[in-house]
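Visitor: Please show me how to read one residue, and then its wider setting.

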Amino acid sequence: MTERLESREKVTGAARYAFEYPVENVAYAAAVQASVGRGEVLSVDIEAAQRLPGVLAVLSHENAPRVDSEPDGELALFQSRTVSYRGQFVAAVIGETLETAREAARLVRVEYAAEDPDVRLRTDHPGLYKPDKVNPVFPADTELGEPEAAFTDSAVRVDVTYTTPAEHNNPMEPHTTLALWDKDGSLLLYDSTQGASSVQSTIAKVFGLDPTQVRVIAPHVGGGFGSKGSPRPNVVLAAMGARVTGRPVKFAVPRQQMFATTGYRTPTVQRFRLGADPDGRLNAILHDVFEQTSTVREFAEQTATPTRTMYQAPNRRTSHRLVALDVPTPSWMRAPGETPGMYALESVMDELAVVTGVDPVELRVRNDTDREPESGLPFSSRNLVACLQEGADRFGWAGRDPAPGVRREGRRLVGTGVAASTYPAYMQPGRAIARAEPDGTFTVRIAAADIGTGARTALTLIAAETLKEDIDRVTVEIGDSAFPRASVAGGSSGTASWGTAVVRACESLRGRLNGEVPPEGLEASADTSAEVKNRDEYARHAFGAQFAEVEVDADTAEICVRRMLGVFAVGRVLNPMTARSQFIGGMTMGIGMALMEESVMDGEFGDYLNRDLAQYHVPSCADVRDVDAFWVEESDPHLNPMGSKGIGEIGIVGAAAAVGNAVHHATGVRVRDLPITPARLLPHL
Amino acid sequence: MDSEATPVHADLTLVVNGREHRLNVDTRASLLDVLREDIGLTGSKKGCDHGQCGACTVLIEGRRANACLALAVAHDGAEVVTVEGLADGERLSPVQEAFIENDAFQCGYCTPGQLCSATGMLDEVDQGWPSAVTADVSTEPVLDDDEIRERMSGNLCRCGAYVGIVAAVRAGARSREAAEA
């Protein structure tokens with residue numbers, strides 16, 4: 001149990017985030033968003049804005065520096081007249097103060113040639129297509145056996161469609177950049193990012209620089225949940241503003257503007273067909289997914305991929321169909337693919353349990369498999385059953401009456417639900433440097449990110465263990481692209497990837513240490529590219545089981561999650577204190593997904609209607625009662641030197657299904673469209 | 001129009017964490033922006049700038065408030081305590097200690113607001129203020145977990161550290177009591 005190493009800084013306000021670096025002569029940016037959903041900018045009238053005292057520059061496609069848009073169309077800021085979605089940045093003001101910049105942005109008059117935007121995701125949209133791959137590199141479609149025929153021939157059939165809405169990451173710290181150009185043409189960015197190295201290389205490309213000319217500093221990041229996994233337009237805007245004005249410029253995307261410009265989870269429509277024998281053994285699984293992307297950049301969420309991993313069935317199919325709409329560009333949000341996909345799979349498994357009369361825990365045990373069903377690969381470890389069983393014991397599942405809608409406590413209907421969790425154990429290549437100082441201390445440097453995951457602490461534990469030194473003698477420095485290149489904090493791969501580089505650098509250093517450290521210190525570095533490339537072929541996934549108890553007010557349909565319990569199998573847990581927080585944090589976000597989170601598309605004008613935290617509801621303290629997380633012992637030699645699987649995302653996977661299944665058990669009503677709000681539930685009570 | 005948009009500045013005195021600051025501020029500036037941009041106390045965070053997330057919570061005259069919703073110019077002479085002022089020198093407050101011990105934060109961005117809010121909230125309870133979940137408002141409120149959750153619900157945490165936050169506030173309240181006894 002190790003407390004976060006930056007704890008003291010975080011509770012005293014000393015931890016600096018991107019906007020907070022003291023810089024001389026800094027100027028402020030404010031952005032103007034497109035007020036039409038599709039069309040062209042005809043003119044940008046900046047006269048009124050420019051007359052304001054303290055306005056340094058007004059940027060739009062008419063005068064913005066040219067940049068290379070190849071890495072990501074969203075970064076081609078002010079490069080054309082085209083408006084691809086409502087809310088897209090079309091102009092920006094740089095001002096002496098925040099107040100002036102905001103006031104001036106309000107005075108910029110943009111005229112458009114507007115067209116009707118096409119913003120509704122429908123399963124009969126003529127523009128639906130099969131993407132070449134789904135995020136990051138999975139096939140869009142898979143098929144084994146004869147799924148359609150096997151489904152038709154099955155004794156028990158469930159054929160249902162689930163939908164999930166657009167959801168926004170909403171990290172507490174907005175996407176923020178402070179940009180400074182040096183006289184020598186180099187660019188310094190204090191950025192709120194999940195990956196300093198990737199911002200460095202991407203932004204270098206955008207501005208036509210050598211990567212060594214860009215430095216990105218991000219020691220503390222106020223959450224990201226995927227939305228800061230790649231640079232968003234704020235980075236380009238700040239850098240452009242700084243270049244044009246010759247001043248350092250900072251820009252934090254206002255919360256309202258984040259809903260259009262910083263990414264979100266695509267809405268999904270998922271048709272599921274399960275064919276089974278009367279005792280619940282699956283014979284056919286068909287999972288067909290419909291989702292959206294923007295016209296600016298394709299992002300194809302891998303929603304059906306967990307279905308390829310979870311349960312045995314000889315006949316199976318998954319498919320993804322995408323349509324490019326005039327909408328903001330979707331992107332990564334905590335466990336992209338697994339989160340919406342497992343919501344649907346684990347809900348439909350609950351429906352199968354109800355139809356067959358098989359206990360939902362037992363149904364999942366019955367369909368467990370020791371090989372990944374579609375790849376045929378053996379699992380490096382798979383302890384789903386252990387999680388289900390330990391969770392059932394801890395939760396008090398035994399003796400549960402399966403009958404829905406029969407437990408009443410006064411006005412409240414009470415029910416329980418279970419769902420499984422899974423997330424891949426990814427690993428990315430990277431580098432690290434370890435140094436021994438003559439005073440007996442050690443410093444390890446790697447451009448990793450701690451966005452609240454506890455990565456700094458975990459890496460320090462890993463380094464100390466490898467060096468066989470006390471943790472107090474070891475410092476791990478992260479969050480700076482000047483350190484050895486590291487992968488993004490994403491895909492729950494941070495600790496596995498960076499930790500391996502840290503282990504290898506520390507091992508190499510130990511090999512060189514024999515007694516005295518020379519006055520200049522001793523250094524060793526490592527690059528894990530070959531190690532990552534040459535791993536044996538296994539299906540590597542974490543698993544888990546989540547249990548929820550809800551009460552539903554029979555008169556108002558208000559839903560309260562009384563308690564929630566998760567048990568996970570994630571290899572070796574490196575720091576129990578922060579690991580528990582990661583699991584519970586993910587489960588908490590899952591409560592939000594189940595009951596409140598929904599970004600509502602404006603069908604007429606485009607963009608999301610609810611654009612702040614008063615309208616886009618995330619769980620508050622009162623929504624989260626008794627939530628706890630545990631893990632089973634799991635020893636897996638096929639992962640990495642630490643024996644660990646990623647833990648940042650699995651907590652949200654399955655959480656919404658566990659809550660939804662509990663709502664069904666409480667009320668007898670199956671709501672198949674998230675979130676399960678009183679408005680959706682009440683008409684059926 | 002033009003003259004209306006010309007910034008108006010006003011002299012202002014703020015006492016922040018016991019230290020007096022004489023300032024000349026844009027009358028449009030929020031207390032939060034003055035703290036962060038003019039005084040350089042960046043501990044108070046901007047999460048939404050609309051009073052919806054609580055990351056900017058500070059204590060104004062001892063009561064918790066969203067600094068983003070407070071116009072600086074309307075607080076001439078006010079005593080403000082920010083997260084930087086909660087510790088006694090190097091000694092952390094009981095609530096700060098409890099936040100560390102209970103891992104009541106992850107990214108840390110909502111933490112300063114949570115801490116100021118918890119500090120102000122415990123004073124409110126000491127003074128006998130009821131909350132929306134206090135069953136009998138005529139009696140002294142008892143700070144159970146339901147009360148903590150209700151009273152801390154103005155401070156959002158997207159990392160989902162609420163379980164730790166409730167445990168930390170509970171523990172912080174106990175050690176405050178012990179220190180006062």
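Visitor: Is A:Pro211 buried, exposed or partly exposed, and why?

Guide: Burial is a count of neighbours: 20 or more other C-beta atoms within 10 Å means buried, 12 or fewer exposed, in between partly exposed, with C-beta atoms placed from the backbone. A:Pro211 is partly exposed because 15 other C-beta atoms lie within 10 Å. This is a predicted model: local features need pLDDT of at least 70, side-chain atom pairs count only at pLDDT 80 or more, and totals for chains, interfaces and linings use all residues. Residues are numbered from 1 along each chain as its sequence is written, with chains lettered from A and ligands numbered from 1 in the order in which they are written.

Visitor: Where is A:Pro211 placed?

Guide: Helices (H or I, at least four residues) and strands (E, at least two) are DSSP runs, numbered from the N terminus. A:Pro211 sits in the loop between helix H5 (196-206) and strand S11 (214-217) of chain A.

Visitor: Which residues is A:Pro211 in contact with?

Guide: Contact means C-beta atoms, placed from the backbone, within 7 Å. Beyond neighbours within four places in sequence, A:Pro211 contacts A:Gln200, A:Ser201 and A:Ala204. A:Ser198 is 13 residues away in sequence and 9.9 Å away in space, C-alpha to C-alpha.

Visitor: What are the buried residues of helix H3 (residues 94-101) of chain B?

Guide: They are B:Pro94, B:Val95, B:Gln96, B:Ala98 and B:Phe99. These pack against helix H1 (7-12) of chain A, together with helix H4 (111-126) and helix H6 (162-180) of chain B.

Visitor: Which residue follows H3(B)?

Guide: B:Asp103 follows, and its phi is positive, near 45 degrees.

Technical notes:
Two residues are in contact if their C-beta atoms, placed from the backbone, lie within 7 Å.
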